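Good morning, and thank you for coming.

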Amino acid sequence: MQNNLKSGLFFPISIICFIWIINPLFAYAFSGSNNDEVSALQMQVDILHYNFKIQLNSEEKSINCESEITALSINPDLNEIELNLYDNLEVTNVLMDGRKVEFFRRKNRIFIKSYKNLTDTFKIFIKYNGKPQRAGFDGFVFGEVNGTTLIYNISEPTYAATWFVCDDDPADKALLDIEITNDSQFVSVSNGKLESIKNYDGQKIYHYKTIYPISTYLIAVYSAPYLNYHDDYAGLDGKDSMKIEYYVLPEHLKKSKVDFAKHTEMIKVFSELFGEYPFIKEKYGVAEFLWNFGAMENQTNTGIGYNFLSGNDFFKDTYVHELAHHWWGNSVSPKSWDDIWLNEGFATYCEALYAEAKYGKSALISKMMSKFSKHFSGTLYAPKNLFGSTVYDKGAWILHMLRFEIGDSCFFRTLRDYYTLYKYSNASVEDFKNVCERTSGKNLDKFFDQWIYIGEDIPECDYSYSIEKKDGKIFCSFKIIQVQEQYAEFHFPLEIRFKFDDGNSFIKKMEIESREQTNLFELPNETFEMTLDPDNNLLAVFNNRGTN
Ligand SMILES: [Zn+2]
């Protein structure tokens with residue numbers, strides 16, 4: 001997900017004001033609600049497959065749904081199951097393995113009594129209807145723009161149940177068949193591969209099939225009088241190829257053809273860096289929707305906000321970001337929302353990696369400096385705000401520093417190992433740390449504590465130096481003191497570039513390993529310019545305090 005509260009992009013003033021006005025809503029969405037807790041009862045069941053049918057009634061702004069859920073019991077004594085579904089949706093029928101069973105509702109959940117102990121796989125059929133309510137960033141929306149109806153949803157993090165009965169836990173991935181019925185002038189889009197379009201009584205039924213496991217927050221419905229076109233991606237090995245499908249409103253067709261044109265190249269860049277695009281047997285898709293705060297990486301079908309088409313490539317970083325989530329978030333999904341850095345920090349760093357792949361090292365640095373701040377707050381693990389700049393921008397910087405810590409080739413090998421190990425599955429921050437340690441052979445306890453688990457601020461360092469001469473040699477005595485308040489002592493490698501009057505320069509690398517330390521460097525000349533961290537590898541502030 002990318003939201004323009006933190007994207008740093010330019011927006012018309014009216015939109016900025018709107019964001020400011022609705023800020024309390026965002027705070028609610030960011031902090032979650034009691035709906036985001038995964039209960040002990042939910043943990044007893046593993047959902048394997050959703051067979052979901054949704055009828056969209058645009059006039060009434062209501063939905064009629066039927067879901068057949070195939071699940072596996074993890075506890076042989078289980079005789080009750082719990083699923084997420086908002087209370088305002090009326091359940092009219094519940095069957096288990098074809099038998100009518102009792103159920104009750106409480107706090108946006110449905111509790112279903114089984115007719116026997118659930119020892120193996122079982123099927124539940126649930127029929128419900130109603131008007132979906134807005135929740136979180138949006139929930140499920142019957143929207144309208146310029147007289148055109150556009151139906152879409154934003155479920156992240158824990159709002160899928162505003163329309164979709166499910167185990168709304170990112171770690172409970174399942175397969176999905178979804179049938180969307182709407183009036184025949186609408187084009188309906190969802191995750192996975194389009195299996196069929198049927199005409200029925202003035203309506204069209206679109207059936208999409210997802211053969212790769214999907215988390216509930218990534219399940220999407222878009223329905224509008226879209227125009228659609230596609231590009232092709234050939235695949236790295238030449239064996240697999242797929243379509244990149246675009247769904248836009250007629251007024252944005254021309255602009256979208258400029259803006260979306262780079263997607264083939266973007267997929268190639270990330271496939272080469274991390275491993276083949278994870279959903280190559282399905283598709284990559286982009287559909288325009290009406291969430292005007294950004295974009296959402298729904299699996300195989302990113303939603304792009306109506307205001308995020310410019311016709312001049314202005315929102316490229318947003319498209320890059322959402323595509324990158326297909327590796328980081330959609331294929332390797334978080335074990336819990338405490339691990340959201342693995343989604344957003346990674347996708348944000350991918351914006352810089354794409355710039356580097358296209359334009360070189362200086363583009364990487366410039367992109368990272370645009371995300372630099374001294375004012376991040378809270379820890380990156382279990383963050384207070386799931387969608388704030390700490391998770392996105394500090395999160396990207398942590399990967400940049402990990403790369404500096406373990407070296408370029410090891411860093412990219414680590415990402416590829418991590419992707420290979422966890423694709424189509426879920427990972428925690430600790431799982432990622434274990435891969436980093438295994439691939440690099442380094443103990444990274446301190447790195448993960450100071451940057452992810454415990455540290456909330458960034459190093460702020462005062463430094464000074466003096467020249468000492470001994471036995472005809474010139475030395476620079478360099479003193480550095482960490483003065484940040486929250487985390488006592490960061491450890492990190494630091495480079496200093498010495499540049500001399502004759503044009504020569506060199507870089508000295510040292511390890512900062514205490515709150516205060518002094519290092520001695522031999523220099524060829526006593527007149528020099530000194531630059532700390534000349535390649536901007538560190539999220540740190542260095543204050544020059546003159547000579548010591
Ligand atoms: Zn994102």
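The count of salt bridges comes to 21, where a salt bridge is a side-chain nitrogen of Lys or Arg within 4 Å of a carboxyl oxygen of Asp or Glu. This is a predicted model, in which local features need pLDDT of at least 70 and side-chain atom pairs count only at pLDDT 80 or more, while totals for chains, interfaces and linings use all residues. Residues are numbered from 1 along each chain as its sequence is written, and side-chain values use heavy atoms, with hydrogens and water left out.

Let me take some of these pairs in turn. Lys-469 and Glu-526 meet through their side chains at 2.6 Å, N to O. This pair links distant parts of the chain, 57 residues apart: Lys-469 lies in strand S24 (residues 460–470), and Glu-526 in the loop between strand S28 (516–523) and strand S29 (528–532). Helices (H or I, at least four residues) and strands (E, at least two) are DSSP runs, numbered from the N terminus. Lys-469 is exposed, at 58% relative accessibility, whereas Glu-526 is partly exposed, at 39%. Buried means under 20% relative accessible area, exposed over 50%, and partly exposed in between, with a 1.4 Å probe and protein chains only.

Lys-433 counts as buried, at 7% relative accessibility. Through shared partners, salt bridges join Glu-430, Lys-433, Glu-437 and Asp-445 into one network.

Which residues coordinate the zinc ion? The donors are Met-1 (N), Met-1 (O), His-321 (NE2), His-325 (NE2) and Glu-344 (OE), at 1.9 to 2.4 Å. Donors here are N, O and S atoms within 2.8 Å of the metal (3.2 Å for Na, K and Ca); water is not among the atoms, so sites may look incomplete. Both His-325 and Glu-344 are buried.

Eight strands form an open sheet with mixed pairing, in the order S6-S5-S9-S3-S2-S12-S15-S14; two strands pair if DSSP finds at least two bridges between them. Strands S6 (99–100) and S14 (193–200) stand at the edges with a single partner strand each, so one side of each has no neighbour in the sheet. Strand S3 (residues 62–73) pairs with strand S9 (residues 121–130) in the antiparallel sense over ten bridges.
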